[in-house]
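Please read these notes on charged side chains beside the sequence and the model.

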Amino acid sequence: MTKIGSAKLKSSAIATMIGVSVTVGLAGCDDTNTDTDYKSIDVSQPVSDWEMVWNDEFDGDSIDSSKWFHEINCDGGGNQEEQCYTDSPENSYVADGVLNIVALPAEEGAPQPYTSARLNTKNLGDFKYGRFEMRAKLPYGQGSHPAFWMLPTDDVYGGWPNSGEIDILEAVNLKTINDEGVTESHIYGTLHYGKDSPNNSRSGKEYMMPADSNPADDYHTYAVEWQEGEMRWYVDGYLYATQMASKVRYNSKGDAIGLSHRGWFVEYYNQVTGELETHWDEAPFDQEFHLLLNLAVGGTWASNVNDGGIDPAAFADGQTYSIDYVRVYECSIDPDTGKGCDTVRAGYKDEEDALVIGAAPIPSPPSSGIPVNLTIFDDAENPLWQLWDCCGGSTPEVVDDEDANYGAVSRFEIGAAPTVMGYTTREGHGVEGSGPFDASPMIADGKIAFDMKIVTAPANATATWHLKVESSEGTTEAEFQLTESIEGVAPVVGEWQRYSFNLSTLADAGLDLSAIDVVMIFPAWGQGEGAVYHVDNVTIAQEGVSAPELILFEDTANSDWAVWDCCSGTMPTEEIDDEAHGTTVEFTIIGDGATVMGFNSRSGDGGAGIPFDATAILADGVFQFELKLMTPADGGDVDWKAKLESAEGDTTLDLDFVLDSQEKVAPVVGEWQTYTFKLADLSAAGLDVSAIDVVMIFPAWGTGTGAVYRVDNAKIYSPSAASSGGGSASGMLFEDNATSGWVLWDCCAGSTPTVETDDEDHGATAEFSIGATATVMGLTSRSVDGGGGVSFDASALLSSGVVQFDMKVVSAPIDSSADWKFKIESGGGDKAKEFSLTESLEGAAPVTGEWQTYTFTILDIFDAEVDISDIDVLMIFPAWGAGEGAVYRIDNLKIANP
């Protein structure tokens, strides 16, 4: 940073505020988070650590060429402006301590109808961080556009706007009067950044001067304070806008899952890999920038607002932008970051006050790898997937179809305006930010499917009907005619018809399956006028799978989650309630009420040490429970809370029954009430849903003495998945035949296992026969062994899942002492574990001629260091080399919740 001169900024301002957030773990239990409250900052303390390092007071008789140079061009500033910038003294000069930039009518035949000036400090005054201040009186009239701004000295991140732009002050068309008689007096502070133009982004805030003040009537002071990761805009010392770098949230696995603050960003190519990358850090506003002063005329902004165009009368005698001084200050406390001299006020980081939300793209959580079925519509609108008319202005609705088999359906009607219709989960369309749906784990066998009936055909009898699916805010898409569906039929008026499309087909057409956010069903664009149609049973699903689910208490406690009193030493009990609820868990608060109660998976508190990963159901999952207040707290009405923690308290979230639940009701003595909290909301509020390990339900700390309450049906699950099959993710590998992608397998002896019919209960079974060659046998998904190459992820089953199968020995091996084994492998054999069948939960050895069930827990397999997210081989066999002569059958082999 160039240093010229030395002075101190003398101003009364607010002392530096540094926010500190301390999350208290379970040891404290009283949730004494200590976030600094900047609304109560002492405003009497002056800031006196800004040191002036560059300035121009314009006290001479000419523009100082050691500080400024003139840009000379007629390019229109990239905004179709209508001036040529010159170095003529008619367009810019210094007089009486003021720099004057004047816009004048040009001579007839000139390239542009006006002339003006644009001054620049590049390579004369280049700065990184500081306070940049100007005192000026602005020009006025329709078409006037003065600016005080900054551009990067070196385009480190690429051309405009990738390397950024800082607009300290802009104004357009000052003193024009609108139809309501309001005089234009706004000023603007803006940042430009992001992707290559024309996909660039900007964010900023306007400020309207008080009614008796106009920037064109008198001098005002305009400034920006720029520090590492933050900028603040001021007029006459008042902070009216704050912008900050984006802050990425990560889960317990280190994956980017969202933004705790949405600010600026930049997209540029990695010089090592050559890949285009998005960065959410301080870039591009972490490099040196230089100053610009200019007065534009017209252009895409000024000519398109207020009265429109340019008022020649306003410029007939010239419009003058008068600058008293320009000053640059450095924070002497920490010049390298610019931090420590913040001139702030209460509310400067409140979104409803000064904080500006930027345009950074929100990173999507990585795929969990777990197939999860989604019901978009089935008898009722999914609150996370709104019925949607893109462009026709209608409001699709839920109605009852005349066919009782379908009940409530989605009704769409197209008028004269061309449109597409369907379902969307994008924010800004009335949806509460559920996020896109990740269908990528179902690419092999999943389908998007729906039922449709045309009630009234479109006026255009030749109109074709289409399905269109989009992802990532329209970044990728796939569109097909309905006749290209698996069923291959065209719609018929008055008839319900089923349509389904393989997800693999959509992916082949270019759709990114990991972020589906719009599903549309419609007559071809512009051909649908008059169409009325019903749609029902809209799903993205795969047979045999659904969502991970955590049951904390339903008739009995989850053995991996301890029923828990944090701090008062009680032992919650199981109590029988009414017929609908059966066994419930009862909590009683004694002593001074200073405790929290609920369910804990941490091994140090009696749990199994296995957190719950809800990432796969983030889009539409909920935390839900029922509560019945038996005896109120001694103090009467109290605030009731739920609190979730994850990753050993790394993130925590407090919830209020009345304020935060969907039901928004307080407990009532003697009545069961349901409380529901959306996982998407919890994640947005900062909870890491990938490692939930404590769930608490309690009266506010210290207020609950004497309270007795019961909890039942406490769970974290996906309602839409439950409605279409429910339960935890599971895999049936053999039932009458091997499932798709898995094959019967003889490792080493060259035999071919067969499918043979057994008794009435078992039907078709897998039969293995071992000869003289030593071998192992079972099922494999590995492509090198004839499988589909897609392993099974049992991560969602860790807490309660099992591997289970039925086996019958038809002929015992010659070696009657042979030990029978179960072996599981993952990652192409990278990890493996072998068990004797007598180590199963049943503990029984095989008996010739009898069907027997064998069960091994996923937890035991996990403890044996098998990668349960990548299971690709399951083997059942007599010990290696001891199996000659054995013939045996396997059925109902599955990885599932029992």
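1. Glutamate 825 pairs with lysine 823 in a salt bridge, with 3.6 Å between the closest N and O atoms; the term means a side-chain nitrogen of Lys or Arg within 4 Å of a carboxyl oxygen of Asp or Glu. Glutamate 825 is buried, at 12% relative accessible area, whereas lysine 823 is partly exposed at 22%. Buried means under 20% relative accessible area, exposed over 50%, and partly exposed in between (1.4 Å probe, protein chains only).

2. This is a predicted model: local features need pLDDT of at least 70, side-chain atom pairs count only at pLDDT 80 or more, and totals for chains, interfaces and linings use all residues. Residues are numbered from 1 along each chain as its sequence is written, and side-chain values use heavy atoms, leaving out hydrogens and water.

3. The structure holds 37 salt bridges. One of them joins lysine 628 to aspartate 577, with the closest N and O atoms 3.2 Å apart. Lysine 628 is in strand E40 and aspartate 577 in the loop between strands E37 and E38, 51 residues apart; strands are DSSP runs of at least two residues, numbered from the N terminus. Lysine 628 counts as buried because its relative accessibility is 13%, and aspartate 577 counts as buried because its value is 14%.

4. Arginine 889 and glutamate 767 form a salt bridge at 2.6 Å, N to O. Arginine 889 lies in strand E56 and glutamate 767 in strand E49, so the pair ties together parts 122 residues apart in sequence. Both residues are buried.

5. A network of salt bridges links Arg131, Glu133, Glu225, Glu230, Arg232, Asp342 and Lys349.

Methods
Helix = DSSP H or I, 4+ residues; strand = E, 2+ residues; numbered from the N terminus.
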